[in-house]
Amino acid sequence: MPICERDQGGYGPLEPVRLERMTGNLFGDQEAVKAGAAEALTAHCDGGSRGNPGPAGYGAVVEDGQGRVVARLSEFLGVQTNNYAEYAGLLACLKWALEHGYKRLKVVSDSELMVKQMKGLYKVASPGLRPLWEEAKQLSKKLEKFEMGHTLRGGNKEADRLANEAMDRGMGKKPGVSGASGVGGVSRVSADAYAKPPVGPRQDPKPGGSGPKEPKLVLEGYVKDGVVHLLGGELPDGIFVKVIRD
């Protein structure tokens, strides 16, 4: 589902990439899905951007009334903002429900801003987000019942994982190399690349000792919910890091 609008501050799309959308359904055929179209769906969606704006993607998990997964949605969005990606995930859930004949939908997101904007509690001040908000409102009115709910990030783990896999695909990385979606304060991760953690207190090599000191590796990253997520590169397990706030 390509989305053409871009949030304020976006820099447009990256070089052409393969937009990938994953869907899955456990019923085996479309007739079984249509048979349950009268029941309410619950969709957990998440969106993120590595850089804000930066490489962005969304992920969503759609469940039926019995908690069975009927679809998993994921797409890389090019260079966009975090809030743009959150709305892209919401729009994907709304369109999937309508395309498959469902009339009742509850969307759960860890974006408090988007949830309160959809509920009318916050105004949509961003010119880039306004068209996405308007489209979401129009699509939600086509449903017999629509709800928005907020959860902390821990309640949206699979959607978060799918969003990150979308970003990884778009950036040409292996899934799981980078961290979670969203953007907090940018930090610099300074790491000494030991293959294994040292035993006992760390000591710098003495002059004339055996071998030169390992060079330092500096990687850029951002913080969300107290966790540092790298924007590029990866670190081997078991190393010690020092985080220096810029």
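Predicted model: local features only at pLDDT ≥ 70, side-chain atom pairs only at ≥ 80, totals over all residues.
**Entry 1: a term to settle before starting**

**Entry 2: the overall layout**

I began with the secondary structure, and found five helices and nine strands in the protein. Reading from the N terminus, I noted the order α-β-β-β-α-β-α-α-β-α-β-β-β-β. The protein has 246 residues, and 43% of them are buried. I also looked up how far along the chain the contacts reach. Among contacts between residues at least 6 apart in sequence, 74% join residues at least 24 apart.

**Entry 3: helix 2**

Next I went to helix 2, residues 82-99. Does its span agree with its number of residues, or disagree? At 1.5 Å a residue its 18 residues should span 26 Å, and I found the end C-alpha atoms 26 Å apart, so the two agree. I then checked its cover: 14 of the 18 residues are buried, so helix 2 is mostly covered. Just after the helix, I noted that Gly 101 takes a positive phi of about 80°.

**Entry 4: the largest nonpolar core**

In soluble globular proteins, nonpolar side chains tend to be buried together. With that in mind I looked for the largest nonpolar core here, which holds 36 residues. Those that touch the most other members are Leu 41, Tyr 87, Leu 90, Trp 96, Leu 105, Val 107 and Met 118. Several elements each supply at least two residues of this core: strand 1 (41-49), strand 2 (54-63), strand 3 (69-80), helix 2, strand 4 (104-109), helix 3 (112-118) and helix 4 (130-141). Which element gives the largest share? I found that helix 2 does, with 11 residues.

Leaving aside neighbours within four places in sequence, Leu 90 is in contact with Cys 45, Val 107, Met 114, Met 118, Ala 136, Phe 146 and Met 148.

**Entry 5: helix 2 against helix 4**

Two packed helices are described by the angle between their axes and the distance between the axes. For helix 2 and helix 4, I read an angle of about 20° and axes 10 Å apart. Angles under 35 degrees count as roughly parallel, so helix 2 is roughly parallel to helix 4. From helix 2, the residues that meet helix 4 are Tyr 84, Tyr 87, Leu 90, Leu 91, Leu 94, Lys 95 and Leu 98. On the helix 4 side I listed Leu 132, Trp 133, Glu 135, Ala 136, Leu 139 and Ser 140.

**Entry 6: Gln 117**

Gln 117 lies in helix 3. Is Gln 117 buried or exposed? Its relative accessible area is 4%, so Gln 117 is buried. Not counting residues up to four places away in sequence, I found that Gln 117 touches Tyr 87, Tyr 122, Lys 123, Val 124 and Trp 133.

**Entry 7: the loop between strand 1 and strand 2**

I stopped at two residues in this loop, Asn 52 and Pro 53. The peptide bond from Asn 52 to Pro 53 is cis, with omega near 5°. Asn 52 also has a positive phi of about 50°, although it is not a glycine. With a relative accessible area of 36%, Asn 52 is partly exposed.

**Entry 8: helix 5**

Helix 5 covers residues 157-170, and its 14 residues reach 20 Å from first C-alpha to last, close to the 20 Å expected. Of those 14 residues, 10 are buried, so helix 5 is largely enclosed by the rest of the structure. The buried set contains Asp 160, Asn 164, Glu 165 and Asp 168, among others. After helix 5 comes Gly 172, with a positive phi near 70°.

**Entry 9: His 150**

My last stop was His 150, in strand 5 (residues 145-150). His 150 is partly exposed, with a relative accessible area of 40%. Leaving aside neighbours within four places in sequence, I found it in contact with Ser 109, Asp 110, Ser 111, Glu 112 and Val 115. His 150 and Val 115 are 35 residues apart along the chain, and their C-alpha atoms are separated by 6.5 Å.

Terms used
Residues numbered from 1 in each chain as written. Heavy atoms only, no water. Helix = DSSP H or I, 4+ residues; strand = E, 2+ residues; numbered from the N terminus. Expected span 1.5 Å × (residues − 1). Buried < 20%, exposed > 50% of the residue type's maximum accessible area, 1.4 Å probe, protein only. Core = buried A, V, L, I, M, F, W, Y, C linked by side-chain atoms within 4.5 Å. Contact = heavy atoms within 4.5 Å. Axes fitted to C-alpha atoms, helices over the stretch in contact; angles between N-to-C directions. Parallel < 35°, antiparallel > 145°, perpendicular 65-115°, else oblique.
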